[in-house]
Protein chains: 2
Amino acid sequence: MSLDDHARVQRLRAAPRTDRPLGERMHRFCEALQTRLCRALERLDGAARFTHDPWARPGGGGGTLSVMEDGAVFARAVVEVWALDGRLPAPAAEVLGVAPQPCFASGLSLVAHAVNPYVPSILAHLRYLRLGEDPFAPADRWFGGRAVLVPVYPSREDAEAFHRAWKAVCDRHPGVADYRRFKGQCDDATYLPHRRQTLGVGGLAFDGLRDDPEGVFFFVREVGRALPSAYVPLVERRRATPYGAREVAFQQLRRGRHAEFCLAVDRDTRLARAVAGERTLRGLPPAAAWPGAEGEPGTPEAEAARLLQPHDWLGVEG
Amino acid sequence: MSLDDHARVQRLRAAPRTDRPLGERMHRFCEALQTRLCRALERLDGAARFTHDPWARPGGGGGTLSVMEDGAVFARAVVEVWALDGRLPAPAAEVLGVAPQPCFASGLSLVAHAVNPYVPSILAHLRYLRLGEDPFAPADRWFGGRAVLVPVYPSREDAEAFHRAWKAVCDRHPGVADYRRFKGQCDDATYLPHRRQTLGVGGLAFDGLRDDPEGVFFFVREVGRALPSAYVPLVERRRATPYGAREVAFQQLRRGRHAEFCLAVDRDTRLARAVAGERTLRGLPPAAAWPGAEGEPGTPEAEAARLLQPHDWLGVEG
């Protein structure tokens, strides 16, 4: 290899593969991540398997909805990859506050509802949106995403471990990611105003990341790849914790909150529903309850509700 | 009694009592109707009783939330009267598309979820809104309301009886009420776009009724008073129908649709949530499910889904 050749190879290795549009690269990444996440969750469950349902969107785009149900560890887990390649539908444009226009969007979403009420659920997604016809000269483009831990009975230990994982990812991407900001955005985005309560114990949320698209895409990929290591140990820690009817009843109440979040609060779900319709609701809990009475003061259920407030888990918010 | 006195008494009898603000009269009517509805539902249930929880709104107003749970006929019934007397909260103003401003609003809402999957649920409310300080010279004021039948397994017979009741009320108020228009508005307002399905078999929905306030208030009162006669016979007809686990499972699915409607679709619930917060969600079903699979073609469950489309029950839409 000549010195010239060597330099060329070095340059190619260092350079991002900008010869393909960012949206296409994001979509391929999401597809690979979907496979990886499904495998990790199947391995963890040990009993159930995902079924994969590919779909095409009449207006352009489509995706694959992967669902695992009635497992040993997971009552339901859904991993979806989707793309929208065409015109931004009016309801989606309304959520975004832009005019309907040519658009490319791609993303992955993950939700896992555990059988054992001591095993927390996770809710995560990653997405890329481009407005305008030309992928190389878009009118606008940005990345967004989040990862949220949604326990039935919040544990400080689990919350801290989950947040430590995301702080570590953010700290590896200075200038692109900011753990404190993204953590605060997650608390805001997952707050149920009518309950004066957060959905879970938070995590990360980011949106509108426009500058340094290659740097952001790298960060987004790292978030996706870190999902198993941030979540799987928490499942393993709690999967054998004994529980009874009382915990199951409280799990149903907390799943009601989850449904409220998806249906009434979450802007991201509204956006997804505008693109993928009914399919988006496959991630709802298998069942939920709105019981007549809530936990008495002094019970673990009342303590759980108390912990569902924005909290500086890592002691870094000064 | 002199002839003059007699004429004065006749005039007073004929004249509406416009010496009290319309909002105050509406609120008193709703309170009286609440008592009447609670009694009718308790009589029908025969086992459970309502508990009545009065509340005051910090910004002005308040109400009474009446809840009956775990009855023989009703799993949950909620009758709420509420008033807002003060400044229209920003989220409510946003739903209404007006600026936050002084306001008086009062209304009643009713929801009943039956135990037996063959007994339909009902969802109804009535409301009055006034914008501006002066009750006798408001910036704007209008009435709205609705009554919707929400069966698990829709029956043509029940749907027709329910619609006949409302057509009769509308026909007694020409110039104010129009069954065909209000019926169509109900189909529109209760359509779940992501499911391409209506919530139930419809009924009436009206809003923004501004002209002839006394005539409209009379119509609104008649709608309220007709609720027991429109609904109770349907409960009596179905309450003893035998059912099993299969019907209960489908009831849970249909309650999931009900939750979707309240949380994701319904503008009225969003408005109520902006005024009364968490309390508004007491009317959610006690439990709901989002199962992995829906009814196979040819089953009663698939037939039920087929009937959940706007339908000309009375053959009057030509």
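A residue counts as buried here when its relative accessible area is under 20%, so B:His163, at 0%, is buried. Keep in mind that this is a predicted model.

- Seven strands make an open, antiparallel sheet in chain B, in the order S1-S2-S3-S4-S5-S6-S9.
- The edges belong to S1 (51-56) and S9 (203-209) of chain B; each has a single partner strand, so one side of each has no neighbour in the sheet.
- From one strand to the next, the twist averages 5°.
- S9(B) pairs with S6 (residues 140-150) of chain B through five bridges, in the antiparallel sense, and B:Val148 sits opposite B:Gly203 of S9(B).
- Helix H4 (residues 156-171) of chain B lies across S5 (121-131), S6 and S9 of chain B, at about 155° to S6(B).
- Helix H7 (residues 245-265) of chain B also packs on the sheet, where it touches S3 (74-87), S4 (102-114), S5 and S6 of chain B, and its direction makes about 175° with that of S4(B).

- B:His163 belongs to helix H4 of chain B.
- B:Val223 and B:Leu204 are 19 residues apart in sequence, and their C-alpha atoms are 9.5 Å apart.

**Where the chains meet**
- Chain A and chain B each put 23 residues into the contact.
- About 1800 Å² is buried between the two chains, with carbon and sulfur atoms giving 56% of that area.
- On the chain B side, B:Leu263, B:Glu278 and B:Trp290 lose the most area to chain A, together 35% of what that side buries.
- Two salt bridges cross the interface, including one between the side chains of A:Arg195 and B:Glu278 (2.8 Å, N to O).
- Seven residue pairs are in polar contact across the interface.
- H7 and strand S10 (287-289) of chain B each supply at least two residues of the side that touches chain A, and H7(B) has the largest share, with four residues.

**Salt bridges within the chains**
- Over all chains, the structure holds 48 salt bridges.
- A:Arg195 also forms a salt bridge with A:Glu260, the closest N and O atoms being 2.6 Å apart.
- A:Arg195 lies in the loop between S7 (191-192) and S8 (197-198) of chain A and A:Glu260 in helix H7 (residues 245-265) of chain A, so this pair ties together parts 65 residues apart in sequence.
- Both partners are buried: A:Arg195 has a relative accessible area of 11%, and A:Glu260 has 0%.
- In chain B, B:Lys167 forms a salt bridge with B:Asp171, with 2.7 Å between the closest N and O atoms.
- B:Lys167 and B:Asp171 are four residues apart in helix H4 of chain B, so about one helical turn separates them.
- B:Lys167 is partly exposed at 24%, as is B:Asp171 at 44%.
- A network of salt bridges links A:Arg127, A:Arg146, A:Asp207, A:Asp266, A:Arg267 and A:Asp268.

Methods: Residues are numbered from 1 along each chain as its sequence is written. Chains are lettered from A and ligands numbered from 1 in the order in which they are written. This is a predicted model: local features need pLDDT of at least 70, side-chain atom pairs count only at pLDDT 80 or more; totals for chains, interfaces and linings use all residues. Side-chain values use heavy atoms; hydrogens and water are left out. Two strands pair if DSSP finds at least two bridges between them. Axes are lines fitted to C-alpha atoms, for helices over the stretch in contact, and angles run from 0 to 180 degrees between N-to-C directions. Contact means heavy atoms within 4.5 Å. Buried means under 20% relative accessible area, exposed over 50%, partly exposed in between (1.4 Å probe, protein chains only). Buried area is the accessible area (1.4 Å probe) that two parts lose on being put together, summed over both. A salt bridge is a side-chain nitrogen of Lys or Arg within 4 Å of a carboxyl oxygen of Asp or Glu. A polar contact is a pair of N or O atoms within 3.5 Å; within protein, one must be able to donate a hydrogen and the other to accept it, and residues adjacent in sequence count only if both atoms are side-chain atoms.
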